[in-house]
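Work through the exercises below with the sequence and the 3D structure at hand. Try each task before reading its solution.

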Amino acid sequence: SGKAVEKFAAEMEAASSDPDHPLYQKIEEALAEAAEDLEAGAIEPWEVLKGRVMNDPETLSTVREVVEQALELLLESAAALERDGDLTADMTAAEASDLLWGLCQLELWHRLTSVRGWTQDAYGTHLIGSARRLFVAPE
């Protein structure tokens, strides 16, 4: 059940790297439309995506669908840890899923990868490692 966190990370990676994924397509559209401003440094990618979500009902709907799927996967993952006795004793499955959700926020990813210079690989590695240390009970 420690693999539950890795499954979630893989699902989120697909949303951000699979060209056939609807969210990936929306992100690419938004960034393409803002290419001139992005190249000039007038706006950050995070601001483009946030603006698109706030102003385009279709993108908002796509994001909500992905968010709902992600939350469901987080709850399933935390419940599996709890069911198998692998969830740390001081946390409920709901608390674990809420905290993991917080660690996976787009704004945190943006700050770490764009502002602080982390690579995507480093972000994924540290996210999975942090989740294991926070949620998986020691053997």
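**Exercise 1.** In which helix is the place of Ala131?

Solution. Ala131 lies in helix H8. Helices are DSSP runs of H or I with at least four residues, strands are runs of E with at least two, and both are numbered from the N terminus. Next, take the accessibility: Ala131 counts as buried because its relative accessibility is 0%. Buried means under 20% relative accessible area, exposed over 50%, and partly exposed in between, with a 1.4 Å probe and protein chains only. Last, take a distance: from C-alpha to C-alpha, Ala131 and Leu103 are 8.5 Å apart in space, while 28 residues separate them in sequence.

Two notes apply throughout. This is a predicted model, in which local features need pLDDT of at least 70 and side-chain atom pairs count only at pLDDT 80 or more, while totals for chains, interfaces and linings use all residues. Residues are numbered from 1 along each chain as its sequence is written, and side-chain values use heavy atoms, leaving out hydrogens and water.

**Exercise 2.** Describe the secondary structure and burial of the protein chain.

Solution. Count the elements: the protein chain has eight helices and zero strands. Then count the residues: of the 139 in the protein chain, 29% are buried.

**Exercise 3.** Which residues of helix H6 are buried?

Solution. H6 covers residues 93-103, and its buried residues are Ala93, Ala96, Ser97 and Leu100. These residues lie on the same side of H6 because they cover an arc of only 95° around the axis. The arc is that of the directions from the helix axis to the C-beta atoms.

**Exercise 4.** How many residues has the largest nonpolar core?

Solution. The largest nonpolar core has 14 residues. Such a core is a set of buried Ala, Val, Leu, Ile, Met, Phe, Trp, Tyr and Cys residues joined through side-chain atoms within 4.5 Å. Those with the most contacts inside this core are Leu87, Ala96, Leu100, Leu127 and Phe135. Now look for the sources: helix H5 (57-83), H6 and helix H8 (120-135) each supply at least two residues. H8 gives the most to this core, namely four residues.

**Exercise 5.** At what angle do H5 and H6 pack?

Solution. Two packed helices are described by the angle between their axes and the distance between the axes. For H5 and H6 the angle is about 135° and the axes are 8 Å apart. Axes are lines fitted to C-alpha atoms, for helices over the stretch in contact, and angles run from 0 to 180 degrees between N-to-C directions. H5 and H6 are therefore oblique to each other; angles under 35 degrees count as roughly parallel, over 145 as roughly antiparallel, 65 to 115 as roughly perpendicular and the rest as oblique. In H5, the residues that meet H6 include Leu71, Leu74 and Ala78, and their partners in H6 include Ala93, Ser97 and Trp101. Contact means heavy atoms within 4.5 Å.

**Exercise 6.** Repeat the analysis for H2 and H5.

Solution. Helix H2 spans residues 22-33, and its axis comes within 9 Å of that of H5, crossing at roughly 140°. H2 and H5 are therefore oblique to each other. On the H2 side, Pro22, Leu23 and Lys26 make the contact; on the H5 side, Glu58, Thr59, Thr62, Val63 and Val66 do.

**Exercise 7.** Is Arg52 buried or exposed?

Solution. Arg52 is in helix H4, residues 45-55. Arg52 has a relative accessible area of 13%, so this residue is buried. Leaving aside residues up to four places away in sequence, Arg52 touches Lys26, Glu29, Ala30, Glu33 and Thr59.
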